[in-house]
Amino acid sequence: MLEAELDRISNYSKRNIKVENLACLITKENLEEIHRKMDGKKAVGVDHVSKAEYDERLQTNLNTLIKRMKSQSYHPQSCRRVYIDKPGSNKKRPLGISCYEDKLVENNVAAILNAIYEEKQYDFSYGFRPKRNCHQAIKEICKHLRSDKVSYVVEADIRSFFDSMDHEWLIKFLEHDIADKRFIEIIRRMLKAGILENGKLLEHEAGSPQGNGSSPVLANVYLHYVLDMWFEIRMKKQFRGEAYLIRYADDYVGMFQYKADAELFYAQMRERFMKYGLELAEEKTRILEFGRFAATNRKVRNEGKPESIDFLGFTLYCSTNKWGKFTVKLKTNRKKMKTKLVKLNIWLRDNRELGAVEMIKRINLSLNGHYRYYGVSYNFRCMRGFRFQVIKYLFKWLNRRSQKKSYTWKQFKDLLKYYPIVYPKIYVNLFE
């Protein structure tokens with residue numbers, strides 16, 4: 001039922017018609033459908049209600065929720081603030097864990113917003129969209145760098161983006177496409193719900209917590225109007241040469257034929273962001289010479305190879321293929337790999353009392369996930385190095401379970417013959 005309604009909304013959006021009657025799509029049937037698909041292992045919110053507990057009185061709970069929706073007395077509870085490690089950094093990433101009932105509403109709202117805005121997004125936006133992923137974004141960057149007139153790249157970073165989205169601007173963007181005031185009010189209340197941290201209630205006037213079910217699509221809406229449309233409609237008219245943008249959520253790369261265009265984009269981007277409450281992380285934002293012409297020009301000037309680009313956990317660098325022609329190659333970002341190895345080393349230390357076979361089984365599960373993400377063209381050597389380090393750590397901690405050494409290197413190698421550490425594999429060809 002929900003899918004049929006979303007198709008109707010999508011058709012209105014294609015014709016640039018303001019969409020109405022959206023709040024009525026938050027129904028008991030749709031919420032129940034979302035409930036069935038929810039992961040019951042997710043962390044609980046401030047009310048400590050899990051999916052299993054909510055399911056015990058599901059019909060009563062949903063009837064009460066819908067009643068509050070219709071009377072407009074529904075107010076989301078505060079999010080529970082937790083922090084997780086930020087890969088490649090000593091900093092922590094803040095997450096907001098909503099109550100289970102609020103998660104149902106957030107996911108229902110997200111499905112409706114996706115139906116509206118999927119038709120409006122530009123092709124160069126890849127994050128949190130159906131049938132799109134990070135590998136496609138990286139593949140598109142490589143294509144532009146190999147085939148188009150690109151000599152300069154703007155590598156940009158928005159400081160604390162999810163905590164900085166201005167609520168009033170976000171509501172204005174939504175009102176541009178949505179005529180249902182009740183639906184807008186639900187989103188406004190979601191944005192205004194406080195955050196509970198260390199027993200203190202923190203009210204916030206900006207941002208949408210990562211972990212909120214609707215945050216990804218709200219982030220795409222915000223950057224669609226602040227960055228994507230601005231680049232495509234206004235800035236491209238001012239550039240003298242070719243210019244391209246690839247964005248994955250709040251991570252993006254601008255590619256330019258001329259340095260002057262890259263500098264213009266950089267300068268005006270800072271001003272543009274200030275207007276909408278965003279700030280560039282200057283220490284992570286830079287203009288660099290990169291691409292097939294950049295490689296040639298720097299060689300003529302005896303300046304060595306162009307600098308590398310970091311994007312979505314990969315490092316992109318200029319190189320040549322087996323025929324001696326220019327190409328872009330990738331490897332796992334050094335900081336990301338180091339962080340992963342440190343975490344794995346700590347896990348092995350803390351779980352060294354497990355049997356060797358069980359440790360290998362769990363390591364292989366982790367490695368398979370690592371290979372599926374980082375298993376892209378030209379990255380095999382890096383993944384092989386990662387596997388080698390994992391084997392070294394495993395050998396070290398298996399021998400520190402007691403005062404007596406458990407394995408010699410020969411015994412350890414014999415163990416791996418019967419219970420091998422999974423070998424890396426290339427899953428994604430970036431140059432098809």
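1. Axes here are lines fitted to C-alpha atoms, for helices over the stretch in contact. Keep that in mind for point 3. The model under review is predicted.

2. Now look at a helix pair. Two packed helices are described by the angle between their axes and the distance between the axes. Helix 1 (residues 2–14) packs against helix 5 (residues 100–117) at about 35°. Their axes are 7 Å apart. On helix 1, the contact uses Leu2, Leu6, Ile9, Ser10 and Ser13. On helix 5, the partners are Asn108, Ala111, Ile112, Ala115 and Ile116. Sorted by class, this contact has seven nonpolar and three polar residues, with no charged ones.

3. Stay with helix 5 for a charged pair. The side chains of glutamate 101 and arginine 68 form a salt bridge, at 2.5 Å from N to O. Glutamate 101 sits in helix 5, and arginine 68 in helix 4 (residues 58–70). The two residues are 33 residues apart, so the pair links distant parts of the chain. The total count by the rule is 26 salt bridges.

4. Next, the interface of domain 2 and domain 3. In contact are 10 residues of domain 2 and 10 residues of domain 3. The size of an interface is often given as the accessible area lost when the parts come together. Here domain 2 and domain 3 bury about 900 Å² between them. Carbon and sulfur atoms account for 61% of that area.

5. Which residues of domain 2 lose the most area to domain 3? They are Phe314, Leu330 and Thr332, together 59% of what that side buries.

6. On the domain 2 side, strand 11 (residues 326–332) gives the most, with six residues. That side divides into four nonpolar, four polar and two charged residues.

Conventions
Residues numbered from 1 in each chain as written. Predicted model: local features only at pLDDT ≥ 70, side-chain atom pairs only at ≥ 80, totals over all residues. Heavy atoms only, no water. Contact = heavy atoms within 4.5 Å. Buried area = accessible area lost by both parts, 1.4 Å probe. Helix = DSSP H or I, 4+ residues; strand = E, 2+ residues; numbered from the N terminus. Nonpolar A, V, L, I, M, F, W, Y, C, P; charged D, E, K, R; others polar. Axes fitted to C-alpha atoms, helices over the stretch in contact; angles between N-to-C directions. Salt bridge = Lys/Arg side-chain N within 4 Å of Asp/Glu carboxyl O.
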